[in-house]
Amino acid sequence: MAAASPPPSPPSAKRPKMSSSSDPEADAEPTSPSAAGADPGQPRRPRYKRRKVAILLGYCGAGYQGMQKNPGARTIEGDLEEALYQAGAVPEADRAAPRRYDWARAARTDKGVSAAAQVVSGRFYVDPPGFIDRLNAQLAPQIRAYGYVRVTNSFNAKKFCDRRRYLYLLPVFALDPSAHPDREAVMASMGSGSELTKCLECSERGRKVPGVMGREGKPPSPGESGADAPVEGTVDNHDESGSIGAAKCDPTILDGGNTSAHGELGLSSNEKLDLPVSGNGTDSGNAELGSNSVVDAIPSADADASIGNEEDKVEATATEEKVQGSNGEEKLPTKSDFSYTDEVKERFNRILKYYVGTHNFHNFTTRTKAEDPAAKRFIISFAANRVVSLDGIDFIRCEVVGQSFMLHQIRKMIGLAVAVMRNCAPESIYDVAFRKDVNLNVPTAPEVGLYLDECMFTSYNKKWKDSHEAVSMEPYCEEAEEFKVKYIFPHIAAMEHKEGAVALWLHSLNHRNYPDFRYMETAGAEAKIGAEVAADAEAKVGAEVDSIEEVQMPNDNVSE
């Protein structure tokens, strides 16, 4: 009698697809039988599989023409694709062909815009362990990969992203109508008793300064700037508080005079950033950024002489161009005491709330017509409740959350809000800004203060929570904060110190450059003319009716 066969063994439990797996042999495919039989004494080399993963990373946009790959331009995506190939994640056959490995990005940032938490997805060779280290070794210091997460085969970083959160750091002086006025405003204020002064520092900033990043966005070589001292520090979870280093420039020549000592505003809701500065020079990452670093090495004697000549020139110009007071006496420009008070905050947040909801944002982008369904976007929230200080300059933290954004949309929303706050445009302009039949030329705020803060995948994480790790920045919050403190924040502060990115832009906010600021006045005049024409026509018709009645009345009397 044949022996009974043993009972079948229970199937092994399915292992969740987590990125924390550190055993490449368990997931590896065996080599081909011919290769194994050729030399049995040799250990088998594992042949790794491609894995669908989401890579979480951050970058500083200085010197790049945006995120999306563009032929002939240096982009974040172009450098990242090449680094993936050099790190062994992409085979030779798929090099420079991202469609072959299902490449997708969660957000597409503009030229000069940074990201603290970007997400890209694709099929890559992530084994053996150490993939992130291999990838970072091929990237510039201003692009850092935090980690990766195993995802489903159908995952797409763009399509599965529920919402994106952007932050715009706007200098407080940008909301001061008297700070950095345009020429028309200065001339119009003469003799009014509250004269505006000519902005001397912006006249100097408008010239090309050697050794400073220009409008081309090309960072100087490490040898030119010598800025190799990293800025180190830690910030609590998504809470920028403190001041990066000490100001290298004179704080009284920065923002029209609103900057108080070390950026203190005396408000309970405002916060001050005091981040320690390390000068050990152990990290050469900031050398890639060149002059974007707030901490600079000691300049040479020639540089000192050049800087001294420039300062003398500014002082001489300031002395020559004194403002005549109403009593005939000369007076120097006075320092503004403008700050982000509760009243200013309430008004600014009221203006930003006009954007919340579903609207047609065709006036807040380019290349998209009003009839295009893509012009409709949903903004979840838009608020500016806190002030942070970076290198002696106070910035308002403007946070916007939306499903998706179009080209220049956030910068144009900020631009129009600033124009309204500076009384360049009436607040009633928002009554027509979202109408399909109204076309407005809306100002675009500088790109340097904008950065992507987080991409959220709420629906995906909820659906696949039992089998896949969540796509979230939570495990990498500390790394992201360190990256912002080291690269993004110093770049924003340095661009305002050395080039006056926002200060120079404020001078362009006038009716000559943006005649649509007077749209409501023009539309009101046209409506008034139309009403008068209609009233005249109605009066004429009424007069004709009266004349007809006067002719008919004698006949009525005769009949009676």
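This is a predicted model: local features need pLDDT of at least 70, side-chain atom pairs count only at pLDDT 80 or more; totals for chains, interfaces and linings use all residues.
Histidine 180 is buried, because its relative accessible area is 2%; buried here means under 20% relative accessible area, exposed over 50%, and partly exposed in between, with a 1.4 Å probe and protein chains only. Residues are numbered from 1 along each chain as its sequence is written, and side-chain values use heavy atoms, with hydrogens and water left out.

Let me stay with the backbone for a moment. Histidine 180 has a phi near 55 degrees, a positive value in a residue other than glycine. Histidine 180 sits in the loop between strand 5 and helix 5 (183-188); helices (H or I, at least four residues) and strands (E, at least two) are DSSP runs, numbered from the N terminus. Histidine 408 also has a positive phi, near 65 degrees, and is likewise a residue other than glycine. The loop that holds histidine 408 runs between strand 10 (393-402) and helix 11 (409-421). With a relative accessible area of 22%, histidine 408 is partly exposed.

A further backbone feature is the cis peptide bond between aspartate 127 and proline 128, where omega is about 0 degrees. Proline 128 belongs to the loop between strand 3 and helix 4 (131-137).

I turn now to the annotated positions. Which residue does UniProt list for "active site"? The record, an unreviewed entry, gives Asp110; UniProt positions are in the numbering used here, feature names are shortened, and annotations may be inferred rather than shown by experiment. Aspartate 110 is in the loop between strand 2 (104-105) and strand 3 (114-124). Aspartate 110 counts as buried because its relative accessible area is 13%. The "binding site" feature, again from an unreviewed UniProt entry, is placed at Tyr166. Tyrosine 166 is part of strand 5, and at 7% relative accessibility it counts as buried.

Valine 90 deserves a brief mention. This residue is in the loop between helix 3 (76-86) and strand 2, and with a relative accessible area of 5% valine 90 is buried. From valine 90 to tyrosine 101 the separation is 11 residues in sequence and 8.0 Å in space, C-alpha to C-alpha.

Next, the charged pairs. Side chains of opposite charge can pair when their charged atoms come close. How many salt bridges does a search of the whole structure find? The search returns 18, a salt bridge being a side-chain nitrogen of Lys or Arg within 4 Å of a carboxyl oxygen of Asp or Glu.

Among them is the pair of lysine 69 and glutamate 81, at 3.0 Å from N to O. This pair links distant parts of the chain, 12 residues apart: lysine 69 is in the loop between strand 1 (51-59) and helix 3, and glutamate 81 is in helix 3. Lysine 69 is partly exposed at a relative accessible area of 38%, whereas glutamate 81, at 6% relative accessibility, is buried.

Arginine 105 forms a salt bridge with glutamate 77, and the closest N and O atoms are 2.5 Å apart. Arginine 105 is in strand 2 and glutamate 77 in helix 3, so the pair links distant parts of the chain, 28 residues apart. Is arginine 105 buried or exposed? Arginine 105 is buried, with a relative accessible area of 17%, and glutamate 77 is buried too, at 3%.

Aspartate 437 pairs with arginine 435, the closest N and O atoms being 2.9 Å apart. Salt bridges that share partners also join Arg165, Asp453, Glu454, Glu481 and Lys484 into one network.

Finally, the loop between strand 4 (143-150) and strand 5 (163-171) contains lysine 158. At 54% relative accessibility, lysine 158 counts as exposed.
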